[in-house]
Amino acid sequence: MELRVLHYFLAVAREQNISAAAQSLHLTQPTLSRQLKELEEELGKQLMVRGNRKITLTEEGMLLRRRAEEILELVDRTEKEVMQVDNTISGDIYIGTGETDGVRQIARLANQLQRDYPGIRFHIVSGDAVDVCERLDKGLLDFGILLGDIDKMKYHYLILPMRDTWGVLMRRDSPLAQQKAISPQDLWDKPLILSRQVDNKSGLYRWLRKEPTELHTVATYNLIYNASLMVDEGMGYAFTLDKLVNTTGSNLCFRPLEPRLELGMYLVWKKSQRFSKPAELLLERLQGYLALFHGERGQPNTLREERTDGSPHP
């Protein structure tokens with residue numbers, strides 16, 4: 001399977017039309033059709049259904065599209081890293097993260113790093129923990145920022161000092177909006193909108209002191225903006241982290257949980273990760289920030305990189 005043919009396949013998947021794809025690739029239509037047919041013969045699978053005006057991918061075709069995008073992205077990253085001049089520090093850093101205000105500190109360090117090395121570019125890929133870990137495992141990310149529990153046997157990690165606070169996003173005309181904080185009992189009979197990550201997490205359910213089947217969950221989300229629209233339309237109460245939705249001047253308000261419920265934050269990377277110079281430099285800057293953070297508070301510097309056995313790196 002040639003990379004060139006994968007480019008051709010993705011062009012057809014994008015355009016959903018052989019003629020349009022051939023034009024964008026500067027190929028003749030018969031040439032492109034032949035390449036696609038040979039790809040299907042090589043794989044022994046039908047990848048697309050050819051209609052009169054539109055091409056539709058089969059299930060196997062949709063799988064190949066996802067994998068082809070990942071392969072070509074990884075090839076592009078590898079080429080850029082290999083072609084870098086040895087005595088310059090430039091290139092791309094890829095970070096995957098969920099929605100959290102803790103990214104602000106990473107952005108601050110990124111800004112400082114770019115001032116010193118203008119050739120460094122940052123790419124932030126948003127997604128929940130499942131999305132981030134999947135891309136991290138495939139080598140499509142340098143780092144992931146994860147909240148809550150992590151697989152410490154699978155990744156190297158830094159414990160970050162930022163913590164996120166859980167709370168409830170609601171309409172200002174809700175009866176609960178009159179309270180300063182929200183207790184578990186307040187929500188037992190309310191329509192709830194939960195992050196899709198919560199489905200496999202027990203911390204929030206422990207706080208609620210209820211089993212999932214005992215609660216009235218009306219919707220799930222993976223992007224809080226979309227959840228905020230559901231709240232604004234009166235669908236229910238959304239569990240979310242503080243500082244993600246700007247409620248100033250809106251119909252919405254945020255109330256923290258009582259008892260307080262927080263999430264720790266980790267920067268993680270693959271055990272076998274080979275860093276580019278820019279990624280290595282970012283990690284060094286972050287380690288320096290953590291050392292300073294604890295030094296200013298007179299605390300032991302426990303926020304160091306740890307191996308999978310829990311022992312710090314030398």
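Trainee: Where is the place of proline 259?
Mentor: Proline 259 belongs to the loop between β10 (252-256) and β11. The names come from DSSP runs, with helices (H or I, at least four residues) and strands (E, at least two) numbered from the N terminus. Please note that this is a predicted model, in which local features need pLDDT of at least 70 and side-chain atom pairs count only at pLDDT 80 or more, while totals for chains, interfaces and linings use all residues. Residues are numbered from 1 along each chain as its sequence is written, and side-chain values use heavy atoms, with hydrogens and water left out.

Trainee: What kind of peptide bond joins glutamate 258 and proline 259?
Mentor: The bond between glutamate 258 and proline 259 is cis, with omega at about 5 degrees.

Trainee: What is phi for arginine 209, and where is that residue found?
Mentor: Its phi is near 60 degrees, which is a positive value in a residue other than glycine. Arginine 209 occurs in the loop between α8 and β8 (216-221).

Trainee: And which loop holds lysine 243?
Mentor: Lysine 243 is in the loop between β9 and β10. Lysine 243 is not a glycine either, yet has a positive phi of about 75 degrees.

Trainee: Is lysine 243 buried or exposed?
Mentor: Lysine 243 has a relative accessible area of 60%, so it counts as exposed. Arginine 209, at 48%, is partly exposed. The cut-offs are these: buried means under 20% relative accessible area, exposed over 50%, and partly exposed in between (1.4 Å probe, protein chains only).

Trainee: How much of the whole chain counts as buried?
Mentor: Of its 314 residues, 42% count as buried. The chain has 10 helices and 11 strands.

Trainee: Changing topic: where is glutamate 40, and why does it count as buried?
Mentor: Glutamate 40 is part of helix α3 (residues 29-43). It counts as buried because its relative accessibility is 12%. Beyond its neighbours within four places in sequence, glutamate 40 is in contact (heavy atoms within 4.5 Å) with Lys45, Gln46, Leu47, Met48 and Arg50.

Trainee: How many residues are in the largest nonpolar core, and which touch the most other members?
Mentor: The core has 25 residues, and Ile93, Ile95, Phe122, Phe143, Leu267 and Leu286 touch the most other members. A nonpolar core is a set of buried Ala, Val, Leu, Ile, Met, Phe, Trp, Tyr and Cys residues joined through side-chain atoms within 4.5 Å.

Trainee: Which element supplies the largest share of this core?
Mentor: That element is α10, with 8 residues. Elements that each supply at least two residues include β3 (91-97), β4 (120-126), β11 (262-270) and α10 (277-296).

Trainee: How many residues of β3 are buried?
Mentor: In β3, 7 of its 7 residues are buried. β3 pairs with β4 in the parallel sense over 7 bridges; two strands pair if DSSP finds at least two bridges between them. Glycine 91 is opposite isoleucine 120 in β4.

Trainee: What is isoleucine 93 in contact with?
Mentor: Leaving aside neighbours within four places in sequence, its contacts include Leu113, Ile120, Phe122, Phe143, Pro278 and Leu282.

Trainee: How many cavities of 30 Å³ or more does the search find?
Mentor: The search of the whole structure finds 1. On a 1 Å grid over the protein atoms alone, a cavity is a set of points where a 1.4 Å probe fits but cannot get out, whereas a pocket is an open set with protein on both sides within 12 Å along at least five of seven lines; lining residues have an atom within 4 Å of a point.

Trainee: Which residues line the largest cavity?
Mentor: Ile95, Ile106, Leu267, Leu282, Leu283 and Leu286 line it. α10 gives the largest share of this lining, 3 residues.

Trainee: What is the volume of the largest pocket?
Mentor: The pocket holds about 680 Å³. Grid points are joined across faces, edges and corners, and a volume is the space filled by probe spheres set on the points.

Trainee: How many residues line that pocket, and which lie nearest its centre?
Mentor: There are 33 lining residues, with Leu147, Gly148, Trp166, Gln197 and Leu263 nearest the centre of the pocket. The largest share of the lining, 4 residues, comes from β11.
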